[in-house]
Amino acid sequence: QVQLVESGGGLVQPGGSLRLSCVASMSIFRLYNMAWYRQAPGKQRELVALITSGFSKNYADSVKGRFTISRDNAKNTVYLIMNSLKPEDTAVYYCNTKAPLGGAPSDYWGQGTQVTVSS
């Protein structure tokens with residue numbers, strides 16, 4: 001059973017920073033690719049950042065240079081450090097992984113954490 005639990009969202013002023021955390025339940029977390037998505041009101045869910053089991057990283061163009069994804073395999077945790085936040089970053093942020101590792105994987109999502117960027 002895959003469970004993902006996010007935390008760290010909140011209200012921040014433009015230019016501010018937040019760190020999101022996602023704790024995962026998988027016993028061999030280190031083998032999983034992990035991602036952060038976000039969904040703003042009236043918009044489709046979009047990929048923000050991805051980190052592979054080999055620590056390769058990919059980012060959406062809109063967050064490059066401002067957001068950093070990282071993982072701590074000893075803590076079964078993936079992080080999203082968000083700097084220079086803009087009002088357009090306002091969204092519900094979701095942690096994501098695909099499981100099982102073999103066969104036909106399905107998407108697993110956390111419950112989401114709200115990030116609001118406003119003065």
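# A friendly tour of a strand-built model

Strands β3 and β8 run antiparallel and are joined by six bridges; two strands count as paired if DSSP finds at least two bridges between them. Strands (E, at least two residues) are DSSP runs, numbered from the N terminus. This is a predicted model, in which local features need pLDDT of at least 70 and side-chain atom pairs count only at pLDDT 80 or more, while totals for chains, interfaces and linings use all residues. Residues are numbered from 1 along each chain as its sequence is written, and side-chain values use heavy atoms, with hydrogens and water left out.

**Strand β8 and its partners**

- Within the pairing of β3 and β8, S21 has Y79 of β8 as its bridge partner.
- β8 also pairs with β7, again in the antiparallel sense, over six bridges.
- Opposite F67 you will find M82 in β8.
- β7 and β8 make a hairpin with four residues between them.
- Five of the six residues of β8 are buried, leaving this strand mostly covered. Here buried means under 20% relative accessible area, exposed means over 50%, and partly exposed is in between (1.4 Å probe, protein chains only).

**The nonpolar core**

- The largest nonpolar core has 30 residues. Such a core is a set of buried Ala, Val, Leu, Ile, Met, Phe, Trp, Tyr and Cys residues joined through side-chain atoms within 4.5 Å.
- The residues with the most contacts inside this core are M34, W36, L80, M82 and Y93.
- At least two core residues come from each of β3 (18–24), β4 (34–39), β5 (46–51), β7 (67–72), β8 (77–82), β9 (91–99) and β11 (113–117).
- As background, nonpolar side chains tend to be buried together in soluble globular proteins.

**The disulfide**

- The structure holds one disulfide, a term that stands for a pair of cysteine sulfur atoms within 2.5 Å.
- C22 and C95 form this link, with their sulfur atoms 2.1 Å apart.
- C22 belongs to strand β3 and C95 to strand β9, so the pair ties together parts that are 73 residues apart in sequence.
- The link of C22 and C95 is left-handed, with -80° about the S-S bond.
- Both C22 and C95 are buried.

**Salt bridges**

- The count of salt bridges comes to five. To qualify, a side-chain nitrogen of Lys or Arg must be within 4 Å of a carboxyl oxygen of Asp or Glu.
- The side chains of R38 and D89 meet in one of them (2.9 Å, N to O). R38 lies in strand β4 and D89 in the loop between β8 and β9, so this pair ties together parts that are 51 residues apart in sequence.
- D89 also meets R66 in a salt bridge (2.7 Å, N to O). R66 sits in the loop between β6 and β7, so its pairing with D89 ties together parts that are 23 residues apart in sequence.
- R38 is buried at a relative accessible area of 6%, D89 is buried at 0%, and R66 is buried at 10%.
- K98 and D107 form a salt bridge through their side chains (2.5 Å, N to O). K98 is partly exposed at 41% relative accessible area, and D107 is partly exposed at 37%.
- Salt bridges that share partners bring R38, E46, R66 and D89 into one network.

**Backbone details in the loops**

- The peptide bond from A99 to P100 is cis, with omega near 0°. P100 lies in the loop between β9 and β10 (106–109).
- F55 is not a glycine, yet it has a positive phi of about 75°. F55 is in the loop between β5 and β6 (57–59), and it counts as partly exposed at 43% relative accessibility.
- N76 is not a glycine either, and its phi is positive at about 50°. N76 lies in the loop between β7 and β8, and it counts as buried at 18% relative accessibility.

**A nonpolar patch on the surface**

- I28, L31 and L101 form a nonpolar patch on the surface, with about 230 Å² of accessible area together. Accessible areas come from the Shrake-Rupley method with a 1.4 Å probe, and for residues only the protein chains shown count as cover.
- Patches are made of residues with over 30% relative accessible area and no salt bridge; like charges are joined within 9 Å and nonpolar side chains (Val, Leu, Ile, Met, Phe, Trp, Tyr) within 5 Å.
- I28 is in the loop between β3 and β4, and it counts as partly exposed at 35% relative accessibility.
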